[in-house]
Amino acid sequence: MPYDLPAMTLRHVLEGTARRYPDSPALSWVGGEPLTYGELKESAEAIAAILGEQGVGFGDSVAILAENCPHWGVAYYAITCMGAVAVPILTDFHPEAIRYIIRHSDAKAVFVTEKMFPKIEDASFDPAPVFINLESFRVLEQGVTRDALKGLKAAGLREYRKLREQTLRLAHIVPQEPGEDDVAVIIYTSGTMGYSKGVVLTHKNIVYDAAHIRDYFALGPDDRLLSLLPLPHTYECTLGLVLPVLNGSQVFYLDRPPTARALLPALARVRPTALLVVPLIIEKIFRNIILPKLTSNKIRRALYRIPAIRKFLHRIAGKRLRAIFGGELRIMAIGGAPLAPVVERFLREGNFPYVVGYGLTEGAPLCSAAQVATTRYLSSGYALSGVSMRIDIPDDNGEGELLVHGPNVMREYYKSPQDTAEVFTEDGWLRTGDLARIDGDGYVFIKGRRKNLILGPSGENIYPEEVEAVINQMEHVAESLVIQHEGKLVARVHLASEDLDALYAGDSDEERRKKELALLEKIRNEANTRVSSFIRIHKAILQPEPFEKTPTQKIKRYLYLGM
C-alpha cells in the first residue's frame, strides 16, 4: 500500500499526514497565517460534526460552491472523511446550471461563500439543503440575505477558530468510516460539447491517482505550491490538493483572480517549488513577455530564425522565466488542454523544468505523464503504474481512439446508466473520446478530439487542433478555431488586441478593418504553405472577442460550429 496507508481513502490520507507532520503548514492565503496539518485534521473533524448535527450522514451529497481558499480544503476533507460525498461546483457556471447540480446531486448541504450566494439565493429546492457559510462555517438560517453574510465573512478566521474549538467536543462521535470503493466525489464537468454529466469517483480512484503521480511529480514537506486553477476541477483538486496533503506540502491561495498584477508579487513571495498550470498561462507569458523581447526588431527576428542562435536565446530566456516564477521552481505540470508546439519547443530549449500529462475527469484525472528528464516533444508521457492505455482500431498510422483501464477510472456517470454504458467498452475500458497514437516506448501522442475530426476530400483525417497550432504560431494571432463549413475549412482567428492597437494607431475604423482583412488573408496564405494540400484553409474570418472556454481553457467548439 503506497505511503503505508491502511486503505486508499481520503480519510487515511489526512490522518496519516497529520500524524507525520502535525505542525507543518498545510493550507494558507498568500501572506496569511497557515493551518497546520494538525489543525486541518481537527478542523475537518469539527466541520464533519456540524454536518452530522444538520442531518448529513454516510453517502449524502454535500456541494461546495466557493472560490479557491484554505477553507475549501477543510470542507472537502470534512465531507469525504465522514463518508459523505463532495460535489464541487465551478463558480463560473450559470446560476441555472448550479441549481440543477444541487438538485440533481441530491445535495443535503451546500457550503457557499458570500460572493457566490447570489447564484442560489432566490432558488427553490425541494427539499431545501442546509446552507453553510464557508468563510465562518456558520449554518445559515432560512431566508438569509447576502448582506448578513458579509458580517460573517468579516469575522473571518478568528470566528472560525472559535467555532472549531466549540465543535471539537462533538468530534469524538466517530462517523462511519468510508472504504476504498465508496463514493468520494461527484464532479459535474462543463463539457466542451455543452452537456454536463456527474462523474462519480471513489476514494480509491482519487487516492490511487495521487499516490502514483509521485513517480513523475514528487513532492515532500518542503515543497510549496501556489494554487492557480479552480479547485472544483479534478486536475487542481487531485494534483493541487490531495497530492500535497498526501506528501505534507504547503498550498497557498490567492485572494483575487490570478492576473499578472496579483500573480507576480505572489510568486515572488511564495517562491513555489511546484506549479500546476493550463497551457494558456504559459503560452500568454511566452507570447506577451518572452517572444517580443527576442524578436523586437528585424535583426533580432532574423537571428531568431537561426536554430543555434534561437536555442541560445531560449536558454537565457528560460533562466529569466524561472526567476519570474520565484527562482525555486523545480517542476511545472502542464495539462488540461493541448500545449502549443512552439511554446513547448521554447521550454525544452530553455531547460525549463516542465512535464506534460494527459488526463480527464473520468480518470481522476491523470492517466499519463513523464518526469522532467524523460519528457518527449509533443508527447503526454506514458501511462501511470497500474494504468493501461491502448488504441481502439488503429489506422495505418497507428492512430485511433485512446482507451484507458485502471484503478483511477470512474465508477459511472451519476443517474445516467445510458451515458455510462456508452463510455465503456464491453470489456470495461473507458472510451476517452481522444484520438491518439502510442509509440514503441509507450509514449502517448494526443492528436485531437474524436468529435472534432474532419474528413478530407478523399477521406483523409484532418485534426483541426493541429491546424490551429500552425496558425497560433503566427505573429499577431492570439488564438484560432478551425471548423468545416460547406465542405471547406474555415479558420476563425482572434487577433492580439495589444499588437493591433500599436499597428493601427491613428487609423479610422474603415482603415483598420481593411488592414485586419489583409492580415487575415496573409495568415491564411502562410498557414497553407505549412500544411498538406488537403488541409488548406479556404477562408480566414475575424473572431472579434476571445473564444468562450471551459475551466481548463479549452475552446467550447460547439458554440461556433454554426459560423
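This is a predicted model: local features need pLDDT of at least 70, side-chain atom pairs count only at pLDDT 80 or more; totals for chains, interfaces and linings use all residues.

Visitor: OK, helix α3 first: how many residues does it have, and how far does it reach?

Guide: Helix α3 covers residues 70-81, so to speak, with 12 residues and a reach of 17 Å from its first C-alpha to its last. That is close to the 16 Å expected at 1.5 Å a residue.

Visitor: And is α3 largely enclosed or exposed?

Guide: Largely enclosed by the rest of the structure, because 12 of its 12 residues are buried. Among them are W72, Y76 and Y77.

Visitor: What comes just after α3?

Guide: There you find G83, with a positive phi of about 90 degrees.

Visitor: Switching topic: how do α9 and α12 cross?

Guide: Their axes come within 10 Å and cross at roughly 80 degrees. That makes α9 roughly perpendicular to α12.

Visitor: Which residues make the contact?

Guide: From α9 you have I282, E283, F286, R287 and I290, and from α12 there are V342, V343, F346 and L347. By class, that contact has 7 nonpolar and 2 charged residues, with no polar ones.

Visitor: Now T425. Where is it, and is it buried or exposed?

Guide: T425 lies in the loop between α13 and β20. It counts as buried, at 11% relative accessibility.

Visitor: What does the T425 side chain make a polar contact with?

Guide: The side chain of D427, at 2.4 Å. Leaving aside neighbours within four places in sequence, T425 is also in contact with L403 and R431.

Methods: Residues are numbered from 1 along each chain as its sequence is written. Side-chain values use heavy atoms; hydrogens and water are left out. Helices (H or I, at least four residues) and strands (E, at least two) are DSSP runs, numbered from the N terminus. The expected span of a helix is 1.5 Å times one less than its number of residues. Buried means under 20% relative accessible area, exposed over 50%, partly exposed in between (1.4 Å probe, protein chains only). Axes are lines fitted to C-alpha atoms, for helices over the stretch in contact, and angles run from 0 to 180 degrees between N-to-C directions. Angles under 35 degrees count as roughly parallel, over 145 as roughly antiparallel, 65 to 115 as roughly perpendicular and the rest as oblique. Contact means heavy atoms within 4.5 Å. Ala, Val, Leu, Ile, Met, Phe, Trp, Tyr, Cys and Pro count as nonpolar, Asp, Glu, Lys and Arg as charged, and the others, Gly among them, as polar. A polar contact is a pair of N or O atoms within 3.5 Å; within protein, one must be able to donate a hydrogen and the other to accept it, and residues adjacent in sequence count only if both atoms are side-chain atoms.
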